[in-house]
Amino acid sequence: MSSPIVLGIESSCDETGAGLVRDGVLLGHALASSMDEHARFGGVVPEIASRAHLHALRPVIQQALDAAGLRLSDIGAVAVTTGPGLSGALQVGLAGAKGMAYALGVPLYGVHHLAGHVAADTLEHGPLPDPCMVLIVSGGHTSLLLVRDLVRDPIIHLGDTLDDAAGECFDKVARVFGLPYPGGPAIDRVAREGDPRAVSFPRPLTGPRDDPYAFSFSGLKTAAARWAEGHAGRELPVADGAASLQEAVADVLTRKAVAACREHGVSTLVVVGGVAANSRVRSLAEERCRAAGITLRVPPLRLCTDNGAMIAAVGDLLVRAGAEPAPLDVSIDPSAPLEYALLNPVTTLAGVS
């Protein structure tokens, strides 16, 4: 018998996503974004994001069902992001997921947002190899992980960002360069007309005495800002600056990821998260993995940014692994560390456990 159809709900930031997955196959998904409402503020405004989720959640779920040719009664389990993310935004998604699960009489699963990004690749390329190296690069997270069984085993962190994540660096520098929000896609577009060797931006934490797998992009952000300030009164060569910044970020990310694969004897590198959509990150990863004899897996662009399909993919894996559903008092954990794919925190008198 086939597994139940899993509905996945994602609402951790500014995108409301719903996806439907069964036995590792994406049946349908839909996405609504409030990004345009945040653009004039230069970043995500939590209250605006939460209200946008309230308006978008039901229509997005219906759109996903329509895309899959399914009805509500076909859903056999519900998975939802319970952390990390914006508190109000997470609450909207969890409340909707609880209502759906309880009304349909089906199990509910709390999912770690970053595990969702990892699972997104399985919808395109099939099961993850055991083990595999995973590089997560997004607006709020940059991590290098050793992953075995995604839903059964603990996730081993080889390195994380110590300050600004790669996507955050792009957003902040884009603002300095006079480019629109979100900064990552804007930097990528402008960089195509620039020279990546025009500016010698630093490569953070790449010295022999540095932590080999930790990341830091705060200094790179500052270096780019100082470079821009140095052109006061003159036209800023934005394309060269964007191309050089993008090259520095891609160089650090891919250099550390390939080195980790070699050291740990891992033959597959999976690059996920919003910054995995960056053209230079993808091309340099392909180039270096090919030279090192490493298989590179990157989800298609539509699955790199936040979406409900990735949460449904984790839920599908949890169901097939026989994981325990969430308790009735499952809550959210806005700052949850990535230890396991299953994330079922409950509220206690002292706060969120």
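This is a predicted model: local features need pLDDT of at least 70, side-chain atom pairs count only at pLDDT 80 or more; totals for chains, interfaces and linings use all residues.
How many nonpolar, polar and charged residues does the lining of the second largest pocket have by class? Residues are numbered from 1 along each chain as its sequence is written, and side-chain values use heavy atoms, with hydrogens and water left out.

View 1. Of its 40 lining residues, Ser 138, Gly 139, Gly 140, Asp 171 and Tyr 181 lie nearest the centre. Helix 6 gives the most to this lining, six residues, and at least two residues each come from helix 4 (113-120), helix 6 (166-176) and helix 7 (183-191); helices here are DSSP runs (H or I, at least four residues) and strands are runs of E (at least two), numbered from the N terminus.

**View 2. Lining of the second largest pocket.** This pocket has a volume of about 340 Å³, and among its 18 lining residues Thr 122, Pro 127, Leu 128, Leu 317 and Arg 320 are the closest to its centre. By class, the lining has nine nonpolar, three polar and six charged residues, where Ala, Val, Leu, Ile, Met, Phe, Trp, Tyr, Cys and Pro count as nonpolar, Asp, Glu, Lys and Arg as charged, and the others, Gly among them, as polar. Helix 11 supplies the largest share, four residues.

**View 3. The largest nonpolar core around Leu 245.** A nonpolar core joins buried Ala, Val, Leu, Ile, Met, Phe, Trp, Tyr and Cys residues through side-chain atoms within 4.5 Å, with buried meaning under 20% relative accessible area (1.4 Å probe, protein chains only). The largest has 49 residues, and Leu 245 is one of those with the most contacts inside it; helix 9 provides the largest share, 13 residues. Beyond its neighbours within four places in sequence, Leu 245 is in contact (heavy atoms within 4.5 Å) with residues including Cys 169, Phe 170 and Val 173.

**View 4. Helix 4.** Eight of the eight residues of helix 4 are buried, so this helix is largely enclosed by the rest of the structure.

Terms used: On a 1 Å grid over the protein atoms alone, a cavity is a set of points where a 1.4 Å probe fits but cannot get out, and a pocket is an open set with protein on both sides within 12 Å along at least five of seven lines; lining residues have an atom within 4 Å of a point. Grid points are joined across faces, edges and corners, and a volume is the space filled by probe spheres set on the points. Buried means under 20% relative accessible area, exposed over 50%, partly exposed in between (1.4 Å probe, protein chains only).
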